[in-house]
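Notebook open, structure on the screen. I'm jotting down what I look up as I go.

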Amino acid sequence: MKRLILFLLAGGWLASSDGSPLLAQASPPAPSVSVRRLNAFTFKMLPGDFNGDGIVDLATDALRPNGSERPVVALGRGDGTFGAPVEIADAFGAPLTVGDFNKDGRLDLIASLELGASSVWFLPGNGNGTFGTPVQIGGATEPTLKFAFTADFDGDGNLDVGVGMIGDTDQGLVLIYSGHGDGTFSDIAGRLATGVDSTPNGGVVADLNRDGRPDVAVANTFA
C-alpha cells in the first residue's frame, strides 16, 4: 500500500505529516551591496527608459569643466552601469520631471533651461535617447526654479505639470500648467503662494485625503 507524504515548512525544517524533521532548510545568502561612483552625475537624477530598450536610463544635470550646468541623459546598460552622459539641450539648466506629455509613447522631459532667461521648458523625447527642440511652457519667467511634479490635476486624461519656484519678490510659488496632451500647456492654470522667503525646495504628488484626486505636499525650507 502506497502512502502520500506531505512536506511542510515548519520552523526552518522540512517535516513530514507526522511532524518528524527530514531535511534542514538551507540558510539564505547574506545580503550584499555594490557601490559605483558616477562622477559625471552631480545633481538631481530622474529615471526613465528614454531609448525604449527596456532598461532604465538617467536624466540629470552635469557640470562642464567651466562650471556651467547642462541637462544630460546617460543610457543604462542593464547591469548598473551607464554610458557617457550626452547633452540634451544647448542651454544651461536641469531636468525637473519625466512623463509622456504628447501621448506618442515616448518619455519627455520638463526642464529648467536658460535660453535668454530661466524658465520652464518641454523637451519632446525622440524615443532613442535624444530629444527634440525645447518649447517654453507658459509665458512666465521666474528667477529660481526648484522642482517639478507631474499628475492629471484637472481630470482630463492629460498630464499636467506643477513647478515650485522662488519669484521676483522672494515669494515662494507653486504653479500648475495644464497639459493639452500634445506637448503644449496652458499659461498657469493654478497658482499657490507659499510665503515670502519660504523657499519651497521639494514637492510630491499623492492622494493624501483619499478623495480620488491628486494632492500636493510642498516642503518649505524657511517658512
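**Entry 1: strand 8.** I started with strand 8, residues 92–99, which is mostly covered: seven of its eight residues are buried. Buried means under 20% relative accessible area, exposed means over 50%, and partly exposed is in between, with a 1.4 Å probe and protein chains only. Strands are DSSP runs of E with at least two residues, helices are runs of H or I with at least four, and both are numbered from the N terminus. Strand 8 runs antiparallel to strand 9 (residues 108–114), and seven bridges join them. To count as paired, two strands need at least two bridges found by DSSP.

**Entry 2: what I'm looking at.** This is a predicted model, where local features need pLDDT of at least 70 and side-chain atom pairs count only at pLDDT 80 or more, while totals for chains, interfaces and linings use all residues. Residues are numbered from 1 along each chain as its sequence is written, and side-chain values use heavy atoms, with hydrogens and water left out.

I looked up the pLDDT, the predictor's confidence in each residue from 0 to 100. The protein's mean is 84, and 84% of its residues reach 70 or more. Confidence is lowest in strand 1 (residues 8–10), at a mean of 45, and highest in strand 4, at 96. Residues 4–13 have pLDDT below 50, and beyond near neighbours in sequence this stretch has 16 contacts in the model. A contact means heavy atoms within 4.5 Å.

**Entry 3: the overall tally.** How many helices and strands does the protein have? I found zero helices and 17 strands. Of its 223 residues, 38% count as buried. Among contacts with a separation of 6 or more, 32% come from residues 24 or more positions apart.

**Entry 4: the sheet with strand 5.** Next I traced an open sheet of four strands, in the order 4-5-6-7, with antiparallel pairing. Strand 4 (46–48) and strand 7 (86–87) stand at the edges with a single partner strand each, so one side of each has no neighbour in the sheet. Strand 4 pairs with strand 5 (residues 57–63) over three bridges, and Pro 47 has Leu 58 as its bridge partner in strand 5.

Strand 5 is mostly covered too, with six of its seven residues buried. Six bridges join strand 5 to strand 6, and the two run antiparallel; Leu 63 has Glu 69 as its bridge partner in strand 6. These two strands form a hairpin with five residues between them, and Gly 67 in the turn has a positive phi of about 95°.

**Entry 5: two loop residues.** Leaving out residues up to four places away in sequence, Ser 68 touches Ala 62, Leu 63 and Phe 92.

Gly 80 sits in the loop between strand 6 and strand 7. With a relative accessible area of 39%, Gly 80 is partly exposed.

Entry 6: Strand 13 (residues 160–166) and strand 14 (residues 171–177) pair over six bridges, and Gly 162 has Ile 176 as its bridge partner in strand 14.

**Entry 7: the cores.** A nonpolar core is a set of buried Ala, Val, Leu, Ile, Met, Phe, Trp, Tyr and Cys residues joined through side-chain atoms within 4.5 Å. The largest one has 15 residues, and those with the most contacts inside it include Ile 110, Val 120 and Val 163. Strand 10 (118–123), strand 12, strand 13 and strand 14 each supply at least two of its residues. A second, separate core has 14 residues, including Phe 50 and Val 73.
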